[in-house]
Amino acid sequence: MTHVDPDLGFRLLLRVLKAYQITIGASRLARYRDLGERPGYDECVVEDGGIDVRPDTAD
């Protein structure tokens, strides 16, 4: 079994979102920003304009 550092896993998730232009909601982006603060990322790492964000809608 291989162990992966959570930092590496999170950065891989961000790359996939950006590479495949996956659309996420604004609340999810806010949660990703919060997760990014734990390892000391600034907002540029998570939100550099490469993630497609849609406004949250009330269902």
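Predicted model: local features only at pLDDT ≥ 70, side-chain atom pairs only at ≥ 80, totals over all residues.
Which residues are exposed on the other side of α1? Residues are numbered from 1 along each chain as its sequence is written, and side-chain values use heavy atoms, with hydrogens and water left out.

The account begins with helix α1, which covers residues 6-19. Helices (H or I, at least four residues) and strands (E, at least two) are DSSP runs, numbered from the N terminus. With 14 residues, α1 reaches 20 Å from its first C-alpha to its last, close to the 20 Å expected at 1.5 Å a residue; the expected span is 1.5 Å times one less than the number of residues. Phe10, Leu14 and Leu17 of α1 are buried, where buried means under 20% relative accessible area, exposed over 50%, and partly exposed in between (1.4 Å probe, protein chains only). Viewed down the axis of α1, the buried residues fall within an arc of 60 degrees, so they line one face of the helix; the arc is that of the directions from the helix axis to the C-beta atoms. These buried residues pack against β1, α2 (26-37) and α3 (43-46), contact being heavy atoms within 4.5 Å. On the other side of α1, the exposed residues are Leu8, Leu12, Arg15 and Ala19.

Leu12 also belongs to a nonpolar surface patch with Val16, Tyr20 and Ile22, which together have about 400 Å² of accessible area. Patches are made of residues with over 30% relative accessible area and no salt bridge, like charges being joined within 9 Å and nonpolar side chains (Val, Leu, Ile, Met, Phe, Trp, Tyr) within 5 Å. Accessible areas come from the Shrake-Rupley method with a 1.4 Å probe, and for residues only the protein chains shown count as cover. Gln21 has a positive phi of about 50 degrees although it is not a glycine. Most residues other than glycine have a negative phi.

Charged pairs come next. Side chains of opposite charge can pair when their charged atoms come close. A salt bridge is a side-chain nitrogen of Lys or Arg within 4 Å of a carboxyl oxygen of Asp or Glu, and by this rule the count comes to 3. In one of them, the side chains of Lys18 and Asp48 meet at 3.2 Å, N to O. This pair links distant parts of the chain, with Lys18 in helix α1 and Asp48 in the loop between α3 and β2 (52-54), 30 residues apart. Arg33 forms a salt bridge with Glu47, their closest N and O atoms being 2.9 Å apart. Arg33 lies in helix α2 and Glu47 in the loop between α3 and β2, so the pair ties together parts that are 14 residues apart in sequence. Arg54 and Asp56 meet in a salt bridge through their side chains at 3.9 Å, N to O.

The loop between α3 and β2 also contains Gly50, which is partly exposed, with a relative accessible area of 30%. The C-alpha atoms of Gly50 and Leu17 are separated by 8.2 Å, the two residues being 33 residues apart along the chain.
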